[in-house]
Amino acid sequence: PYFGPVDGHDIESLVRLFLTGIFRWGLLHADPHPGNYRFSLRDGRPIVGLLDFGCVKSISGATADALALLIEDVRKDRLQQNVELALYRFEALGFQRRLLEPMSHLLAALAAVLFEPFCAGKLFSPRQWRLSERVQDILGDFRWNFRMAGPPDLIYFVRAFQGLIQYLDALETPVDWY
């Protein structure tokens, strides 16, 4: 087993694992701390091993599809001029429309920041992203309303996503998410 320094290919494997879990397997490993990952090399390729499956969440096909459509809308800049589409996409993810409507004018900008790594088309560094700060700037006083509008299961996605981002940031390894 390889337990030495992690390189960019290992981190790319983490991103691929996160995305494959959601979009192919319909599963999200939502306990992303160092004790639950093992890295090794097999035939010169990085392999990520997962331990402790006590916090794995099923992702429905409809939710994965809704997330994929939202990411694609951000990539193609379709939300800026279409508040209704932005509301619809978030609602398809399980958000409560009536709680989102007062902040509907902010959803396109929020989605652009949240899914920025998917749009970069180049190596992307979370250090330069400043996700929390930018989300705070966009939502302002609506930040708590946005959290309340989200589906209860959103906490698992946020936990897994933040864990991945923390790995990328701590290891200072940019990755091309595109």
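Glu72 is partly exposed, its relative accessible area being 25%, where buried means under 20%, exposed over 50%, and partly exposed in between (1.4 Å probe, protein chains only). The model is predicted, so that local features need pLDDT of at least 70 and side-chain atom pairs pLDDT 80 or more, while totals for chains, interfaces and linings use all residues. Residues are numbered from 1 along each chain as its sequence is written, and side-chain values use heavy atoms, with hydrogens and water left out.

The partner of Glu72 in a salt bridge is Arg75, with 3.7 Å from N to O; the term denotes a side-chain nitrogen of Lys or Arg within 4 Å of a carboxyl oxygen of Asp or Glu. Arg75 is likewise partly exposed, at a relative accessible area of 29%. Both residues belong to helix α2, where 3 residues, about one turn of the helix, separate Glu72 from Arg75; helices (H or I, at least four residues) and strands (E, at least two) are DSSP runs numbered from the N terminus.

## Asp73 and its two arginines

Asp73 is buried, with a relative accessibility of 1%, and takes part in a salt bridge with Arg78 in which the closest N and O atoms are 2.7 Å apart. Arg78 itself counts as partly exposed, its relative accessibility being 38%.

Asp73 also forms a salt bridge with Arg89, and here the closest N and O atoms lie 2.5 Å apart. This pair joins distant parts of the chain, since Asp73 sits in helix α2 and Arg89 in helix α3, 16 residues apart. Arg89 is buried, at 13% relative accessible area.

The structure as a whole contains 12 salt bridges. Beyond the pairs described above, Glu84, Glu91, Arg97 and Glu101 are connected to one another in a salt-bridge network.

For Phe115, once neighbours within four places in sequence are set aside, the residues in contact (heavy atoms within 4.5 Å) are Leu67, Leu70, Ile71 and Val74.
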